[in-house]
Amino acid sequence: MKAKITLLFLLILGVSNAQETKKNQNDSIQKLDKVLINAQVIFGSKYEAKNRTGSSYYISPEELEKFNYTDINRVLRTVPGVNIYEEDGFGLRPNISLRGTSPERSAKISIMEDGVLIAPAPYSAPAAYYFPSVARMQAVEILKGSSQIQYGPFTTGGALNLVSTQIPNTFKGSLRTSYGSFNTGQTHVKIGDSKTNFGYSVEYLNLNSDGFKNLPDGSNTGFDKNDVVAKFRINSNPDAVFKQSLSFKFQYADEVSNETYLGLTQTDFDASPFDRYASSQEDKMTNDHIQFMVTHKMDFSKQFRITTNAYYNGFSRNWYKLNDVVFNGDGVGIASIVNDPQDYPDYMNIVNGSSNSDNDALLVKANNRDYISKGVQTKFDYHWSGVNVFHDLEIGLRYHYDEEDRFQWVDGYNLVDGEMNLTTKGTPGSDANRISSANAFAGSILYKLKYNKLTLTPGLRYENIVLTRDNFGTSDLNRTGDDLSTRENKVDIFIPGMGFNYKINQNTSVYGGVHKGFSPPGNEAGQKAEESINYELGSRFNLSGLRGEVVAFYNDYSNLLGSDLAATGGTGSLDQFNAGEVAVKGIELLLNYDLLEKNTKFSLPITFGYTFTDTEFLNSFGSDDSLWGEVTKGDELPYIAKHQFNTSISLEHSKFELNLNGRLNGAFRTLAGTETITDDNGVTSNFIIDFSGKYHFNKNLSITGNIINLLDETYAVSRVPAGLRPGHPFGAYAGLEFRF
């Protein structure tokens, strides 16, 4: 207790940038600027986000720096319309849903970094086993509504763009370091400069922790992640007739995390939620990611710009983890054992290490996969104006290829006196040996017409996709093709959308739209894509300093697709299955107010965000996936909370800042159903408070502090992949920031 009080006292020192915060908060709904937006961002500022014809949110650098979160889940909790279920407590592999899309592995939203698709294989295997480190991002953009059709292929819920650190205009750099609970550390270094005809930036980030879970043998349950990013730009003179630039980006990341799919039974979670079973001691994820990107930008005039990106993303990973347990010659998956331990008592005794096992009783799968994602995309942006009218035309073209190469095997272990021992070494490729790939051409056109107070944005997207799978079989390890089986699925679709924004007066506007939702199918021949029609209607307002936004949405699915992911208790085949018709509707509310609006030295801003999401299956079906189960017409979707809200209050001064954030993570069911949510059939609600503070000694040096889960609440976050998993317990962290 004394340690917690001492750390809390240190954190109350805090830091601030009150003038910039007030500037952002005092933005009202103003006349649209006639500017060309950087093609690597969706909006680029809060001002642009507030003037979209669709629902949107821009998390600014100032907001990201308030808590210095390294967990994308905690960053996105502040945004209405975002549903998340956690998995590891650190945000290594988030499960993000926008407006009721299926959340597992964030596979149903378009995730980008600097405007480029960043999932390992966005079309052929979109499950986000790689997610960029938010700690190195300058901003985060979330776009919902009709204008997201520019950013496919997933157009139902929304698009998420992570904006990496930009090359600075002048020489500057920074060092940020912190340390705290569970031996968790962060080191973030960046430096950059711009001259007349060139600019550069170099960045290094390390995140590491021993983890907050406990194995019987005392092994590390944490992780170690590294990121390196380098950018270089050459550009024409500022007074050139045709201004142009050529930018190069290199990014490399690696990760070693002692993470597992194996959670706890309800009884064991209630008794000791941060324990792990002995049979998960060998589980480990290792991966590395590399990106090359070249960007050419040319301004033919103040009205016409062409931006072209060529990109390559490579991702390799091997998640080595317990998959099945064998007793008396019969194997059972870990999800079945942990979810129904009373049906598998002998298996459960092996899992928790209370009894010794035979050889090869524990089957540990090496989920070894390589991914490639590459392509070229071009954006044309041209605008012109007349009397009381403004026109803007954006045309995007993209050719993209991606693939997932599975070359997996299974090792056998025994468990003796709590220690796992390798008894049979599997042969690489003997469990899975196949390549899934996609060739995709996409085009989009968005026209903006602004006449007096009315803005209209009709748009159209086109996707042409060829999805294939080459299965070499588990006996053809050299891939000679002797046992090759192939399948192919083709998609050709137009995706329209229409949005509007009407300014009632300087401080109030009404906006809305309708667009077609789309998600690519799998590579099984004849499988249909996920489709929906989506509607929204909302208002942005500033009433005597109370700034806010309220919007209602309705997503009408004609064909919802589920995916067979091991991460949700399935087999891991990635095959998609038809869930039929589904209706998702809801309300999003965001309010901001500064209690010291007229004070020149202090700010006391408060925010409140609320999301109501109501889901309903309109037909019945059955699936083997643990995230769905047997579905009856009228059931609600699992893993989507009906109610959630986030609120924060800050005390800001030019020398310091104190921030308190509380969020209610609403209850959600873990299988489709309609009954009241309890610990037996879902994850109940929890309220978590985080605290942060900063204090500026001068313009170059600051101290920082954070407390995660201030009240040390113990709570569950999910029941998948296999059993209950806890959220992050109380954690206190202190650090330094040095800028030059």
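**View 1. Contacts that span the chain.** Taking contacts (heavy atoms within 4.5 Å) with a separation of 6 or more, 67% of those in the chain join residues 24 or more positions apart. This is a predicted model, so to speak of local features takes pLDDT of at least 70 and side-chain atom pairs count only at pLDDT 80 or more, while totals for chains, interfaces and linings use all residues. Numbering runs from 1 along each chain as its sequence is written, and side-chain values use heavy atoms, with hydrogens and water left out.

**View 2. The largest nonpolar core.** Here sit 70 residues, with I59, L76, V140 and V325 making the most contacts inside the core. A nonpolar core is a set of buried Ala, Val, Leu, Ile, Met, Phe, Trp, Tyr and Cys residues joined through side-chain atoms within 4.5 Å; buried means under 20% relative accessible area (1.4 Å probe, protein chains only).

**View 3. Zooming in on L76.** Skip the neighbours within four places in sequence, and L76 still touches I59, V82, I84, I96, V140, I142 and L160. Another core lies apart from the largest one: 24 residues, including F43, A49, I465 and L467.

**View 4. Charges and burial.** Of the 740 residues, 59% are buried. The chain carries 69 positive and 86 negative side chains, their centres 12 Å apart. Lys and Arg count as positive, Asp and Glu as negative, with His and the chain ends not counted; each charge is placed at NZ of Lys, CZ of Arg, CG of Asp or CD of Glu.

Key: Buried < 20%, exposed > 50% of the residue type's maximum accessible area, 1.4 Å probe, protein only.
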